[in-house]
Amino acid sequence: MDVSVKFLGATQIVTGSKYLLNIDNYRILVDCGLFQGKKEDRIKNWNPFPIDPATIDVILLTHAHIDHIGYLPRLCKQGFQGTIFCTEASKDLIPMMLKDAAKLQEEEAEYAEHKHYSKHEKPQPLYNLKDVETVIPLLEGIPFEKKTVLTEQISFCYQYAGHILGAGILELFLQGSRMDKKIVFSGDLGRHNDPVLYPPKKIAEADFLFVESTYGNRDLTDEDPKKELAKIINEALHYNGCVLIPAFALGRTQAILYYLKQLFKEHKISPCKVFIDSPMAMNTTEIYTKNKDLCKASLFEYGESPFDFDNLQYCHTQQASIQINDIKSNAIIISASGMATGGRILHHLFHRLPRENDTVLFVGYQGEGTRGRRILEGEAEVRIFGEFVPVKCKVTKLDGLSAHADCEELFDWLSAFNKSPKNTFIVHGEKESSEALAQTIQEKLGWNTFIPQYLESYQLFEGI
Ligand SMILES: [Zn+2]
């Protein structure tokens, strides 16, 4: 058996996760993510796929974030017809995530046409809702820890990753004619202290390891995120403004709701209205409740939803969303997308960035080149809907709510391996993060590491 890998994304960046495994004549694509952020990366979504998608046998997904699944409709459009495996909870989440992505792209294309800010006469979306419909029947959900056989020689298994609901670490088992081998993909790893999910499962061995490095160069704060959140909200409300939280509908929104419910209950923050302006956040919360076995048992012990409270209001319509712009003080608004790359958060930012009394609170990772990153880095104005909007509000962030393991937690997870992998590929991190993690691994564990380049290939096994 010969095995090689080709890196089709998430190389020295955090988006576009795609790894193509050639196992003799069998082709597996691990993750099928969309490139987001910088234009030079996003353009890759439009290029023809580097290999013929019809020749891929199966796709194995680690979790339902768009940078891991968002290219699926495009791949199916170009001829992929195989099975797409994921965990059962991911299967619940993926249709909603892809439909939302398609809608955002259709809206963006329409808007660009309307406002003439695209170079193209008639800007096209990357894919539409109809394209998403071709993906859904191909999805097959697998329970955690269940070994699934692909061929006589190849099987796989998902282990709990704790990053978002349904996120899995992927173990791939190869039965060669001479020896057995194992490849592990960490996917995105969660934190040790996530309020909703358990910590990532430790893995004992791998011949080759692919590990994410989003926070490979950073230790996040040890401050209790609940306390920090209370402090930021109380300060913001004291300024007589509103708090705007750009948050991924999937994952971070549930964590914030959980904390807010506790804080209101404990009278740690003054009473105020909370708006969830994301239809997807509502659906996600339902899917979390449906899969409560995957959430911390303590969350549901009193029989009530950990994500719901009296002063919480969902905006079901666009009109309700627009009405929030009139609220000048004493409200918390949570909207998506989390990196302000699209969605309803844009019109909130458009209105609130110039308001001195308001606070924009970032609670998740802000990718390079995203609008969120530019606001967080203190740019005086940002472009929204083709217009330059001055940033006069307060801008702050809460690190402890990130869905990604920090440097120390990554190292802790890696330390659990009982022998060094033959090589460890550092992926899903910006250049500095990947390099920092590689250095930590080499120095402290003495392992071989490799930071791949886009489209690079690597021979894993020969004649096993
Ligand atoms: Zn993720």
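Predicted model: local features only at pLDDT ≥ 70, side-chain atom pairs only at ≥ 80, totals over all residues.
The size of an interface is often given as the accessible area lost when the parts come together. Here domain 1 and domain 2 bury about 3100 Å² between them. Carbon and sulfur atoms account for 62% of that area. Which three residues supply more of the area that domain 1 buries against domain 2 than any other three? They are Leu165, Pro195 and Val196, and they supply 21% of it.

Charges also pair up across this boundary. Five salt bridges are counted between domain 1 and domain 2. Now find lysine 38 and glutamate 368. These residues form a salt bridge, with their closest N and O atoms 3.6 Å apart.

Next, turn to the helices. Start with helix 6, residues 225–238. Its axis and that of helix 7 come within 10 Å and cross at roughly 70°. Angles of 65 to 115 degrees count as roughly perpendicular, so helix 6 is roughly perpendicular to helix 7. From helix 6, the contact uses Pro225, Lys226, Leu229, Ala230 and Ile233. From helix 7, it uses Tyr259, Leu260, Gln262 and Leu263. What kinds of residue are these? Seven are nonpolar, one is polar and one is charged.

Helix 7 spans residues 252–265, and it also meets helix 8, residues 279–290. The two axes come within 9 Å and cross at roughly 80°. On the helix 7 side, the contact residues are Thr253, Gln254 and Leu257. On the helix 8 side, they are Ala281, Thr284, Thr285 and Tyr288. This contact divides into three nonpolar residues, four polar ones and no charged ones.

Finally, check two details of the backbone. Most residues other than glycine have a negative phi, and most peptide bonds are trans. Where does asparagine 240 sit? Asparagine 240 is in the loop between helix 6 and strand 12, which runs over 243–246. Its phi is positive, about 70°, although asparagine 240 is not a glycine. The second detail is a peptide bond. From alanine 336 to serine 337 the bond is cis, with omega near 15°. Serine 337 belongs to the loop between strand 15 (331–335) and helix 10 (345–352).

Methods:
Residues numbered from 1 in each chain as written. Heavy atoms only, no water. Axes fitted to C-alpha atoms, helices over the stretch in contact; angles between N-to-C directions. Helix = DSSP H or I, 4+ residues; strand = E, 2+ residues; numbered from the N terminus. Contact = heavy atoms within 4.5 Å. Nonpolar A, V, L, I, M, F, W, Y, C, P; charged D, E, K, R; others polar. Buried area = accessible area lost by both parts, 1.4 Å probe. Salt bridge = Lys/Arg side-chain N within 4 Å of Asp/Glu carboxyl O. Parallel < 35°, antiparallel > 145°, perpendicular 65-115°, else oblique.
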